[in-house]
Amino acid sequence: MTISIRRKKFNLLMGRARGFWKAYKQNKKGIFGIGIIVFFFLFAFVGPMLTLNDPVDDWDVGGRRVPPKWFMFLPGHQDLVPNLKPLKTVGFSDNNEISQWKIELSPIGSYSISHSQEGSPYGSGMGSVLLSLNEGASSSSWTLNVSKTFEWKYDAPPKRFRSDVAIKAEGFEGVEAHLKIVLSTPRGDQYTLWERTIKSDTDWFQPEYKVDSYSLRVKMIFPEGVFADPAHKIFNGTGMYKFYLGVCLKSTDQGSPITARIYIDDLSFETMGTCYGLLGTDQWGRDIYSQLAHGAKISLAVGLLSASISVSIGLLVGLFAGFMGGMADELSMRFADMLLIIPFLPLLMILIAILGQSIWNIIIVISVLGWMGFSRTVRSQVLSLKERAFIEAARASGGSTIHIAMRHILPNVMGLVYVSLATSVPAAITAEAALSFLGLGDPRIMSWGQMLHDIVYYAAIKELYWVVPPGLCIAVLALSFVMMGFSLDEILNPRLRRR
Amino acid sequence: MTDEALIRVRNLRKLFPVRKGFLSSIFSRESLHIHAVDNVSFDIKQDEVLGLVGESGCGKTTLGRLLIRLIEPTSGDVFFRDINIMELSRSEMQSMRPKMQIIFQDPYESLNPRMTVLDLVGEPLEINALVGSESEKEESVAEILEHVRMTPPGEFMFRYPHELSGGQRQRVAVARALVIHPDFVVADEPVSMLDTSTRGEILNLMIELRGLTRSYLFITHELAVARHFCDRIAIMYLGRIMEMARSDDIIRRPIHPYTKALIEATPVPDPSARKEKVSIKGEVLSPINPPRRCRFYTRCLAAKDICSKLEPELVDIGGGHMVACHLYP
């Protein structure tokens, strides 16, 4: 008997769920809303996995403020250049990495090249390449080039290029070395981006300025000086370009044995194009797509958490006020009124300014300021439910206040809870976006509002590939929750049901 | 039926304050009250059905609710056996509840629309911990559902109130009240919301189920229904009991002018029957702060001088027939 009854109960529950879904399916708004919400959930979970870029910390993944890659196919954007990385990996951790480079020596045989386990403290790799001068070399000067030749097949120049190196010198007695980083073009021009002479032993060091086309020292190579764009100057045609680190060793003290050793690590060169990724980059060359994907997570989390907290508070206060009545009712409702009459956004801003700009503070403040309306609705519903005969019947059967609240009042206000949840989520999402837009968001977290803030702050309002995604996402996500709320309201509130 | 009283009501009063506007509450200190139940005393014996008859607004329902302390009285006592339930604390009262139940007037209102029949009928069992497990609850519910002729119970157990007819709902309400075998049940116009055919069924059902409980207070505004069902009948008018006697006595030999008027007003399903002279005048008085005189004075055709000066007491005129009228001392 019990098993069949349990099955009947289960069937009853399933029947109710199926009936609800059947009614919900009829509602076009509801289907549209839930479809979009499901899409954003998938986006929030899968989207961040599709990119390796961190939305906040990974700067200069491409050129700064460049449009997306697919812009190349739009009319008028054919000259866009993608990122070019001639080297697959940076560092000299193993022989594979060393073999990417072409190492030329002269005179031949005077050097030995080996892989050293010692790595520079700056880069990631553990090893470096060690060049040691053979004992008793007869010549008085030696040259060494570590070079990489790559093809530039675009008509337009890149947005930017940059390179780096780390060097350590040992056994420098009676010898001096001239080091330089050079970029040579197919036309035969040589651009020395950095050079330095060392005369004694040194620990690991890097160029004293960034060897970067944005660097002032690099710009000063050209007659235009500050106004020069080295990337534009150097990459002005297709063909084979060569990047190399040149080392010139000279003996200054004839006769004494020379034992100079030079360690080289982290030698790199890359160009950043004028387009990047799915949605381009922001003012610091960060991936906009990764910001959007991570922002979806943030917006959904803020929306759902704040809405659940505020609806829970509203439900508790409403039940309490409606059920207890009298002084408890007066006090809690006057408190709610007091919060209601204070303008929402200014209060939010002040509280965040006082508490500090963290995402948890934002969630807490939004939920603490968002329960009042719902608590009034619940209270009024409870007041009318309280007078219904079935409540009196439960009391006559000996039901305690708690029992009546849980078994009779709560199930009858649950419909309101679902509707209110669905309609408070967009309110929370837009409140968070508004706060972040005004610069009061969590600076360590890239939300859609933060993206809009950056857009306005860096005057990028015309850059549609940057403006449209976060704006559209906020609007569509909020709208879909509102639509779901409205359709729930229509289904759960029979007076609104259209026949 | 034994003579031992199960319920003793003594000087029960319930005044409802009348809400006034803000200004008038400042300028007038006079407080207005609706005297819903005014100084009522009576007994209900073991295994007895007492009918409470009166017109709309006379305080019948209030009296019924006072008896099981669903609302608090202004003054007065109700004894259940020897316990004064008005002096019980909240928790003591809750443990008394299963002994006293109520069947409400409107079966469309008195059943929670979000609960199944099983949960509705099983609720009193659960609250009072009368069943140990879910399956015990289901057995008890199935048993009582058979008693109220909702067979097979398995078919009805998982229905919601909106899937039931009015008569079926009232059966559920009856089952709910009787499932814990209370000693005393207040039936507050249990059939007035039903149509005539269902009404008879429910009344017969309640008569059959008299074995499941001891005593009833049966509230109705129809004398015919009361006579059908009750051992004794009390006639109520504006918060006071005017006459109380065995059912047959009160129908055959009504003494109070109001009782007479009530009986005359009962429609006779015979078009040729000659309508007798109406023995009542005027309208019902307002129950707000009524003057200290016979409540029926303004409508009574036989009113004397003393009726306007003194409120008559309910006195036994012999054979358990009690009446509150200056004409019958």
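Helices (H or I, at least four residues) and strands (E, at least two) are DSSP runs, numbered from the N terminus. The model is a predicted one, in which local features need pLDDT of at least 70, side-chain atom pairs count only at pLDDT 80 or more, and totals for chains, interfaces and linings use all residues. Residues are numbered from 1 along each chain as its sequence is written, while chains are lettered from A and ligands numbered from 1 in the order in which they are written.

Begin with K233(A), which lies in helix 5 (residues 230-234) of chain A. K233(A) counts as partly exposed because 18 C-beta neighbours lie inside 10 Å; with C-beta atoms placed from the backbone, a residue is buried if 20 or more other C-beta atoms lie within 10 Å of its own, exposed if 12 or fewer, and partly exposed in between. Leaving aside residues up to four places away in sequence, K233(A) touches F222(A) and A228(A), where contact requires C-beta atoms, placed from the backbone, to lie within 7 Å.

Colour chain A by domain. The assignment gives domain 1 (21-57 + 283-496) and domain 2 (95-272); such bounds come from an automatic or database domain assignment. The C-alpha centres of domain 1 of chain A and domain 2 of chain A lie 57 Å apart.

Now select helix 7 (residues 326-341) and helix 10 (residues 372-386) of chain A, whose axes come within 9 Å and cross at roughly 145°. Axes here are lines fitted to C-alpha atoms, for helices over the stretch in contact, with angles running from 0 to 180 degrees between N-to-C directions. M333(A), A336(A), L339(A) and L340(A) of helix 7 meet M372(A), S375(A), R376(A) and R379(A) of helix 10. By class, this contact has five nonpolar, one polar and two charged residues. Ala, Val, Leu, Ile, Met, Phe, Trp, Tyr, Cys and Pro count as nonpolar, Asp, Glu, Lys and Arg as charged, and the others, Gly among them, as polar.

Two backbone positions in chain A follow. R65(A), in the loop between helix 2 (28-46) and helix 3 (95-98), has a positive phi of about 50° although it is not a glycine. A459(A), in the loop between helix 13 (448-457) and helix 14 (464-492), also has a positive phi, near 50°. R65(A) is partly exposed, with 19 other C-beta atoms within 10 Å, whereas A459(A) counts as exposed, with 9 C-beta neighbours inside 10 Å.

Display both chains. Here 21 residues of chain A are in contact with 21 residues of chain B. On the chain A side, helix 11 gives the most, with seven residues.

V9(B) stands opposite V78(B) in strand 4. Strand 4 and strand 5 of chain B form a hairpin with two residues between them, and R81(B) in the turn has a positive phi of about 50°.

Note on methods
Contact = placed C-beta atoms within 7 Å. Pairing = 2+ DSSP bridges.
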